[in-house]
Amino acid sequence: MARTYVFTQHGGPENQTFLDLPKPDPGPGQLLVAVRAAGVNPADWKQRAGFRRATETLDSPVPLGREISGVVEALGEGVEGYSVGDEVYGTVAGGGGYAEYALLSTDAIARKPASVSFLDAATLGVAGATAFDAIAELDPQPGETLVVIGAGGGVGIAAAQIAIARGAKVIGTASASKAGLVESVGAVHVPYGDGVVDRVRAAAPDGVAAIFDLVGGDALTELAGLVEDKTRIRTAADPTTATELGGGPVTRARNSAVLEAVGRLVEDGTLKPFVTEVFPLDKAGDALALVESGHATGKVVLEVS
Ligand SMILES: NC(=O)c1ccc[n+]([C@@H]2O[C@H](COP(=O)([O-])OP(=O)(O)OC[C@H]3O[C@@H](n4cnc5c(N)ncnc54)[C@H](OP(=O)(O)O)[C@@H]3O)[C@@H](O)[C@H]2O)c1
C-alpha cells in the first residue's frame, strides 16, 4: 500500500485526508518511483478548490502533488534507459506527489545528478521547469531589464536566477520580508504596493524590456504599461489578464529535455532552488496551507522518506 495525501471533493482544506491506496502500477512508458521528496505548488490547492472544474473531471480521491524526486522501484513496459535504483525527478503521471509512491513517465523524467539533493530535485518538475520555459520564451538579452512579479516565490526566484545568468538585469517585486532573498541572487528588489510603478521605473532607467508575472490581476496590469512590446509579457498565474494586455501565458514544454537542462543548472551552481521550508509527509496539510497563504518564500517541500 502507499500512504497518500488526497482530496476527496472540490472545496477547502477540510476535503484533504490521508489514505492508504494500492501501490500504483506503472503502465507502458511509466516508472514506479519511491518518493523521497515532493514540491508543494499553488496548483495543488487550486486543483482541490475546483479551479480546473472546466477542464478536469473529479475522479475522487485525487492524490495531491505534481513534482517529486525519488528512487525507481519498478519499470513499466517499454521503459528503456532506466533501472531499478536510479535516482530521478520529474512531474507526476500517476499515484501521488504527497505520497510514498508516484508514477513518472519517460517523457517527463530526468536522472538526478549525484550532487543535487532530493529536496532540491523535487522543485524542478514544476517550479524550476516553468521558470526555465518562461525565460526561454521571453529570451532576455544581455543588458535588457526583466521585471519578475512575485520574485520571492518558488518560480520567481528561479526565473530571476536563470535570467541573470543570461546577462539580463532583473527587477523583482516582492514584499519587504523577501528583500534579502531577492537581492541575494543579484536582482534589484522593489517592494510592491502603492507607488510600485514609480519605483520600478526609477530602478530601470533604460526601460523595461519584458515582464514575467507570477501574481496576476492588478499586480500585472499596473506594471504592464512599462513594457513597450506587450508580446514580451508572460504569466504563469493569470493568462486572462496577460492576454488582454497583449501578452500571454508561458508556453510550457513539459518534457525531459527541459527537466535535464534545469537539473544541470542546479548542478553547475547557476540555479539555487531555495528550499526554505521542509515538512514531513505527515504535515502535508500544513505545507499546503503555507503555500495557499500566497506568500511562501522560495520553495516548500515535503520530505517523504
Ligand atoms: N502554468 C504553469 O505551468 C505554472 C507552473 C508553476 C506555477 N504556476 C502559477 O504561478 C504562480 C506562482 O507560483 P509559485 O510556485 O512561484 O508561487 P509561490 O511560491 O506561492 O510564490 C508567489 C509569490 O508571490 C508573492 N506575492 C504575493 N502577492 C504579490 C504581489 N502583489 N506582488 C508581488 N509579489 C507578490 C508572494 O510573497 P510576498 O507577498 O511575501 O512577496 C510569493 O512569494 C501561481 O499562480 C501558480 O499557480 C503556473
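This report describes selected strands and helices of a predicted model.

## Strand β3 and its partners

Strand β3, which spans residues 30-40, has 10 of its 11 residues buried, so this strand is largely enclosed by the rest of the structure. Strands of a sheet pair through backbone hydrogen bonds, in either a parallel or an antiparallel arrangement. Strand β3 is joined to β7 (residues 101-111) by 5 bridges, and these two strands run antiparallel; within this pairing, L32 stands opposite L103 of β7.

The pairing of β3 with β5 (residues 67-75) is also antiparallel and extends over 8 bridges, while that of β3 with β15 (residues 299-303) is antiparallel over 4 bridges.

## The open sheet β2-β1-β4

An open sheet is formed by 3 strands in the order β2-β1-β4, with antiparallel pairing. Its edge strands are β2 (16-21) and β4 (62-63), each of which pairs on one side only.

Between strand β1 (residues 2-7) and β4 there are 2 bridges, again in the antiparallel sense, and the bridge partner of F7 in β4 is V62.

## Helix α6 and its two sides

In helix α6, which covers residues 196-203, the buried residues are V196, V200 and A203. These residues lie on the same side of α6, because they cover an arc of only 65° around the axis. On the other side of the helix, D198 and A202 are exposed.

The buried residues of α6 pack against several elements, namely the strands β8 (145-149), β9 (169-174) and β10 (188-191), together with the helix α7 (217-224).

## The crossing of α1 and α10

Two packed helices are described by the angle between their axes and by the distance between those axes. For helix α1 (residues 42-49) and helix α10 (residues 284-292), the axes come within 8 Å and cross at roughly 95°. Angles of 65 to 115 degrees count as roughly perpendicular, and α1 and α10 are therefore roughly perpendicular to each other.

On the α1 side of this contact are P42, D44, W45 and R48, which meet L288, V291 and E292 of α10. The residues of the contact divide into 4 nonpolar and 3 charged, with no polar residues.

Definitions and conventions. Residues numbered from 1 in each chain as written. Predicted model: local features only at pLDDT ≥ 70, side-chain atom pairs only at ≥ 80, totals over all residues. Heavy atoms only, no water. Buried < 20%, exposed > 50% of the residue type's maximum accessible area, 1.4 Å probe, protein only. Arc of directions from axis to C-beta. Contact = heavy atoms within 4.5 Å. Pairing = 2+ DSSP bridges. Axes fitted to C-alpha atoms, helices over the stretch in contact; angles between N-to-C directions. Parallel < 35°, antiparallel > 145°, perpendicular 65-115°, else oblique. Nonpolar A, V, L, I, M, F, W, Y, C, P; charged D, E, K, R; others polar.
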